[in-house]
Amino acid sequence: MAAAQEADGAGSAVVAAGGGGSGQVTSNGSIGRDPPAETQPQNPPPQPAPNAWQVIKGVLFRIFIIWVISSWFRRGPAPQDQAGPGGAPRVASRNLFPKDTLMNLHVYISEHEHFTDFNATSALFWEQHDLVYGDWTSGENSDGCYEHFAELDIPQSVQQNGSIYIHVYFTKSGFHPDPRQKALYRRLATVHMSRMINKYKRRRFQKTKNLLTGETEADPEMIKRAEDYGPVEVISHWHPNITINIVDDHTPWVKGSVPPPLDQYVKFDAVSGDYYPIIYFNDYWNLQKDYYPINESLASLPLRVSFCPLSLWRWQLYAAQSTKSPWNFLGDELYEQSDEEQDSVKVALLETNPYLLALTIIVSIVHSVFEFLAFKNDIQFWNSRQSLEGLSVRSVFFGVFQSFVVLLYILDNETNFVVQVSVFIGVLIDLWKITKVMDVRLDREHKVAGLFPRPTFKDKSTYIESSTKVYDDMAFRYLSWILFPLLGCYAVYSLLYLEHKGWYSWVLSMLYGFLLTFGFITMTPQLFINYKLKSVAHLPWRMLTYKALNTFIDDLFAFVIKMPVMYRIGCLRDDVVFFIYLYQRWIYRVDPTRVNEFGMSGEAPTAAAAVAGALPPPPAPAPTTTAAAAREEASTPLPAKPTPGASSTSEPQEAPPKPAEDKKRD
């Protein structure tokens with residue numbers, strides 16, 4: 001019953017994130033100022049991203065799939081080597097920077113991944129002295145955080161899609177990070193971490209145009225770049241905020257026993273065996289929509305670097321969110337789309353009322369459970385169905401057509417791999433349903449192209465012998481009077497006012513848009529068959545109930561949370577159809593005493609025996625007349641004496657007497 005559109009959301013503004021609002025939320029919750037707006041060029045309008053309600057459901061579903069896959073392939077963990085080189089057990093290590101250690105922060109910006117030019121004053125971005133390791137009370141806001149903002153001059157190589165790196169050094173007070181200064185440099189007193197701070201993103205350009213006029217509303221500059229670099233261009237992007245976290249952790253880690261993904265960040269000294277303080281570059285709250293491309297039109301780049309301490313459990317959350325390496329086989333494009341989807345979750349966490357957010361998560365879990373139960377009961381219903389009486393077979397074929405259109409549409413629009421797989425599985429299930437509603441055989445005598453057996457389809461006997469086929473044909477004939485004019489009007493509208501890549505894309509987008517808008521009409525033939533049969537006992541009510549509950553949940557959030565108008569209309573029209581189903585169930589009551597085609601009824605055997613005992617006994621020989629019966633018979637006026645030759649029965653004289661077989665049949 002759920003509508004075909006996939007759009008949900010959550011909102012109510014509290015605090016903005018990234019670099020595009022009134023403030024920047026750092027990793028510890030502090031808010032910084034944004035860079036001047038004039039330094040950020042105008043971006044082309046982004047496509048509407050999926051909202052939080054949809055994304056939360058998708059994330060829960062993906063977590064379930066990942067858990068199933070990992071459970072299926074999981075093996076026992078390999079025994080970890082707890083012994084040292086000499087066979088002795090490894091000793092737990094310690095942090096090389098004890099609690100309350102005085103340290104200095106040195107931040108350098110360079111085009112080179114490996115930094116050695118410590119004497120270049122232009123490379124030094126920020127230097128902060130006498131920081132206390134594990135201090136949570138210093139700083140401007142008494143939260144242990146410091147920040148520094150400056151404008152960076154853009155090197156020519158960076159303007160031409162080059163990379164730029166940030167190099168961070170923490171040294172104990174009195175030491176220097178330059179190894180060439182022998183008197184001030186100590187290896188165990190220096191911890192270093194570097195990272196590329198620009199981000200490469202794919203910008204896709206689809207050459208669309210009006211198929212009749214050949215005109216397009218796309219930017220001419222974008223068209224030229226698409227002709228020069230192709231439909232996909234990798235461009236360097238910039239975000240003006242980054243946070244440097246040093247984890248306040250003194251856990252006695254054992255080398256080789258650090259659990260993933262934390263083992264990627266804990267670095268041990270090869271000589272002493274102790275580990276360096278953990279430095280983490282935190283850009284979790286940098287939204288994808290706040291990145292903008294770096295090009296030759298920019299003379300400088302704004303950069304705000306914040307330093308904050310970070311607790312161990314929060315670092316574990318951030319590290320788990322940023323770890324993607326186990327799924328490299330899905331491709332980088334999935335990562336980009338996943339990042340854009342996670343933006344909706346981040347915005348929901350920042351801007352949504354906590355109670356509404358908790359309610360959204362709970363209802364999302366319930367929604368996912370109902371979807372799974374509806375899917376399970378739908379499979380069970382069609383797998384165990386023996387008779388097709390009362391079921392619309394044509395609706396099953398129309399569902400296959402809908403699934404194929406959706407699959408071809410998402411393939412044409414290069415949707416991510418996860419969506420493609422889920423839609424493809426739906427197509428296979430719809431094709432499986434055809435084998436349940438028709439007799440499908442392979443004709444090996446008349447092959448297609450002389451190679452492949454020709455599939456033949458034949459209606460099942462339970463569908464032909466009942467009146468369902470007549471009503472099904474009648475319902476779709478009436479339905480065609482509505483659908484075909486609407487399809488023609490929508491096709492003309494799409495051709496006149498919308499842009500497409502070509503005629504193939506126009507056909508797919510037109511059919512897809514039409515099914516989204518008017519697809520609910522295809523549920524009406526089943527209503528017509530129910531009306532003609534005056535029965536709803538043949539419907540899969542469990543599956544319909546779960547889908548209806550999901551639709552009601554969608555209704556609740558469609559009007560509480562900001563959502564597209566078409567989605568709200570879709571939820572409302574699905575509710576109308578389901579209420580008609582409920583009305584039919586109310587007026588077409590189920591008769592438990594009615595015997596079906598298998599000779600079974602809905603009554604218990606004892607109840608059936610009681611009913612059988614209540615039936616009148618077969619006629620017996622007339623007993624001796626009692627006195628009361630004689631008096632009653634005497635008081636009854638006698639009928640007129642029939643004329644000779646007339647029948648002695650109560651039939652009219654002009655009607656011939658009925659044979660005994662006809663009387664028995666009556």
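Me: Why does Val406 count as partly exposed?

Reply: Happy to walk through it. This is a predicted model, and in it Val406 has a relative accessibility of 25%. Buried means under 20% and exposed means over 50%, with partly exposed in between. The value of 25% lies between those limits, so Val406 counts as partly exposed.

Me: What does Val406 touch, not counting residues up to four places away in sequence?

Reply: Val406 touches Val423 and Tyr512. Touching here means that heavy atoms come within 4.5 Å. Val406 itself is in helix H7, residues 393-412. From C-alpha to C-alpha, Val406 and Ser509 are 9.3 Å apart in space, while 103 residues separate them in sequence.

Me: What makes Asp100 exposed?

Reply: Its relative accessible area is 52%. Exposed means over 50%, so Asp100 is exposed. You can find Asp100 in the loop between helix H1 (52-73) and strand E3 (102-110). Asp100 also has a phi near 65°, which is a positive value in a residue other than glycine.

Me: And Lys534, why is that residue called partly exposed?

Reply: The relative accessible area of Lys534 is 46%. Lys534 sits in the loop between helix H12 (524-533) and helix H13 (541-560). Phi is positive for Lys534 too, near 55°, and this residue is other than glycine.

Me: What makes the peptide bond from Pro260 to Pro261 cis?

Reply: Look at omega: for the bond from Pro260 to Pro261 it is near 0°, and the bond is cis. Pro261 is in the loop between strand E10 (241-247) and strand E11 (279-282).

Me: Which residues have the most contacts inside the largest nonpolar core?

Reply: They are Phe170, Trp238 and Leu303, in a core of 33 residues. Strands E3, E4 (124-132), E6 (165-172), E10, E11 and E13 (300-310) each supply at least two residues of this core. Apart from this core lies another, of 22 residues, among them Leu388, Trp541, Leu544 and Tyr588.

Me: What is Leu303 in contact with, leaving aside its neighbours within four places in sequence?

Reply: The contacts of Leu303 include Ile109, Phe125, Phe149, Ile197, Trp238 and Ile242. His148, Ala150, Leu152 and Pro240 are also in contact with Leu303.

Conventions: Residues are numbered from 1 along each chain as its sequence is written. This is a predicted model: local features need pLDDT of at least 70, side-chain atom pairs count only at pLDDT 80 or more; totals for chains, interfaces and linings use all residues. Side-chain values use heavy atoms; hydrogens and water are left out. Helices (H or I, at least four residues) and strands (E, at least two) are DSSP runs, numbered from the N terminus. Buried means under 20% relative accessible area, exposed over 50%, partly exposed in between (1.4 Å probe, protein chains only). A nonpolar core is a set of buried Ala, Val, Leu, Ile, Met, Phe, Trp, Tyr and Cys residues joined through side-chain atoms within 4.5 Å.
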